[in-house]
Amino acid sequence: MLRSTSGVGRATVLETQALYHLQELDLEIEDLQRQCQALEARLAEPAALQAARAEAQAAQQALRQAREKLRDLEWAVERLIAKIQPLEQRLYSGVVRNPKELDAMQKELEWLQAQRRRTEDQVLEQMAVVEQQQAETAQREQRLAAQVAAWENERSALLATREAVRERLAALQQARAAAVAALTPGLLARYEGLRRAKRGRAVALVERNVCQGCRTALAPAEVQRARQQLTVCSSCGRILYVPR
């Protein structure tokens, strides 16, 4: 605890100085805590990258579906060929002589061949769709890769900054603990109460006889009293600190 070696006046001046030092620590700690919160928010994957990832995944899914449809059409052509070939052989082999049966076989063959032509046309169309979707997928994957690389670089820098902020914050918190230990409980309670009431600034620096907490000009007697003992500003109620 702070103790006087030459009277009450000196002790209170030292206490005021200690309170001002504690406030400087608290203000920097709060600023670093805000920085940490901001860094944590920025470390979340950006919405633009999430959108690019979703677009790339959607393009990949569309490409898979296009390839599956092409494969189904190619299999359909193969199945039609498997039906057409034996039918042609039987039709032209001369084994079947019944006119009605031959006519029915001819009609079935023509229908199958028409089906084959239509399906082969669909295969060609689907091949074009697959090719277009491949190009679209490649473009979106390249765009995603570029955004991922940029984000990884930015994230590395953010992580390094966060680590530096955390280290500084830990050092300040240790310094604050030491500063608090040097104060009497009553004085600390008064400081904390003023700090809550005055938005983090319980102690006001005095420069050129002006309270920097409320920018009010102080009477010379008030400034002199603040140099000798713990004094509050008559305007804003903050503890006045007059540097030596």
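This is a predicted model: local features need pLDDT of at least 70, side-chain atom pairs count only at pLDDT 80 or more; totals for chains, interfaces and linings use all residues.

Colleague: Which helices hold Arg143 and Glu55, and how many residues apart in sequence are the parts that the pair ties together?

Modeller: Arg143 belongs to helix 3, while Glu55 belongs to helix 2, which covers residues 47-92.

Colleague: Are Arg143 and Glu55 buried, partly exposed or exposed?

Modeller: Buried would require under 20% relative accessible area and exposed would require over 50%. Arg143 has a relative accessible area of 37%, and Glu55 has 34%. Both values fall in between, so Arg143 and Glu55 are each to be called partly exposed.

Colleague: How many salt bridges does a search of the whole structure find?

Modeller: In general terms, side chains of opposite charge can pair when their charged atoms come close. A search for such pairs over the whole structure gives a total of 17 salt bridges.

Colleague: What does the salt bridge between Arg162 and Glu40 tie together?

Modeller: The side chains of Arg162 and Glu40 meet at 2.8 Å, N to O. Arg162 lies in helix 3 (residues 99-181) and Glu40 in helix 1 (residues 8-42), so the parts tied together by this pair are 122 residues apart in sequence.

Colleague: Where do Arg140 and Glu136 lie, and how many residues apart are they?

Modeller: The side chains of Arg140 and Glu136 form a salt bridge of 2.6 Å, N to O. Arg140 is partly exposed at 22% relative accessible area, and Glu136 is likewise partly exposed at 27%. Both residues lie in helix 3, where about one turn of the helix separates them, that is, 4 residues.

Colleague: Which residues do salt bridges with shared partners join into one network?

Modeller: Here the salt bridges are linked through partners that they share, and the residues joined in this one network are Asp26, Glu30, Arg176, Glu192 and Arg195.

Colleague: Turning to the strands, which of them stand at the edges of the sheet?

Modeller: The sheet is open and has 4 strands in the order 3-2-1-4, with mixed pairing. An edge strand has a single partner, so one of its sides is left without a neighbour in the sheet, and this applies to strand 3 and strand 4 (239-241).

Colleague: How do strand 1 and strand 2 run, and which residue is the bridge partner of Val206?

Modeller: Strand 1 and strand 2 run antiparallel and are joined by 2 bridges. The partner of Val206 is found in strand 2, and that residue is Cys211.

Colleague: Where is Arg208 found, and is Arg208 buried or exposed?

Modeller: Arg208 is found in the loop between strand 1 (203-207) and strand 2 (210-211). Although Arg208 is not a glycine, its phi is positive, at about 50°. With a relative accessibility of 84%, Arg208 counts as exposed.

Methods
Residues are numbered from 1 along each chain as its sequence is written. Side-chain values use heavy atoms; hydrogens and water are left out. Buried means under 20% relative accessible area, exposed over 50%, partly exposed in between (1.4 Å probe, protein chains only). Two strands pair if DSSP finds at least two bridges between them. A salt bridge is a side-chain nitrogen of Lys or Arg within 4 Å of a carboxyl oxygen of Asp or Glu.
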